[in-house]
Amino acid sequence: MANQVQDLTPDEVSKGIDEGRFLLVDVREPNEVAAEAYPSGVVVPLSTFDPKAIPDPQGKQVVFACRSGKRSVTASLAAQAAGLPYDKHLAGGMLGWKAAGLPTKVGG
């Protein structure tokens, strides 16, 4: 099942966002996002996850992200089950993002 979701490294995701190729969808809960957020993420919490709530990526590839990389896989599989071609996630999540020295922001 896991092979339906492609792992991307924090550096790949950061570069893709900078180049306008990726839309980062953060599936963490609002309290987590309030404490620390990805600089350009769109928040669609997994607890109330509805693939239709994901904004139109307008030609970008959707990449799911969470804290450690587990919920983002769940979200990707749920989106695929709903017929959406969203098969990428940030491996390692926020923990990996910070370990790679990438910036975060406070307050979602």
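## The model

This is a predicted model: local features need pLDDT of at least 70, side-chain atom pairs count only at pLDDT 80 or more, and totals for chains, interfaces and linings use all residues. Residues are numbered from 1 along each chain as its sequence is written, and side-chain values use heavy atoms, with hydrogens and water left out.

## Overall fold

The protein has four helices and five strands. Helices (H or I, at least four residues) and strands (E, at least two) are DSSP runs, numbered from the N terminus. From that end, the order is β-α-β-α-β-β-α-β-α. The radius of gyration, taken over C-alpha atoms, is 12 Å, close to the 13 Å that the globule rule gives for 108 residues, so the protein is as compact as a globular protein of that length. The globule rule is 2.2 Å times the number of residues to the power 0.38. The C-alpha trace spans about 35 × 25 × 25 Å along its principal axes.

Of the 108 residues, 41% count as buried. Buried means under 20% relative accessible area (1.4 Å probe, protein chains only). Contact means heavy atoms within 4.5 Å. Among contacts with a separation of 6 or more, 66% join residues 24 or more positions apart.

## Arg28, a buried arginine

Arg28 sits in the loop between strand S2 (22-26) and helix H2 (30-35). Its relative accessibility is 3%, so Arg28 counts as buried. Its side chain makes a polar contact of 2.7 Å with the side chain of Asp26. A polar contact is a pair of N or O atoms within 3.5 Å; within protein, one must be able to donate a hydrogen and the other to accept it, and residues adjacent in sequence count only if both atoms are side-chain atoms.

A polar atom of the Arg28 side chain also lies 2.8 Å from the backbone oxygen of Glu36. Leaving aside neighbours within four places in sequence, the contacts of Arg28 include Val33, Tyr38, Cys66 and Met94.

## Helix H3

Helix H3 covers residues 71-81. Its buried residues are Ser72, Ala75, Ser76, Leu77 and Ala79. They pack against strand S4 (61-65) and strand S5 (88-90). Gly83 follows H3, with a positive phi near 90°.

Methods
Buried means under 20% relative accessible area, exposed over 50%, partly exposed in between (1.4 Å probe, protein chains only).
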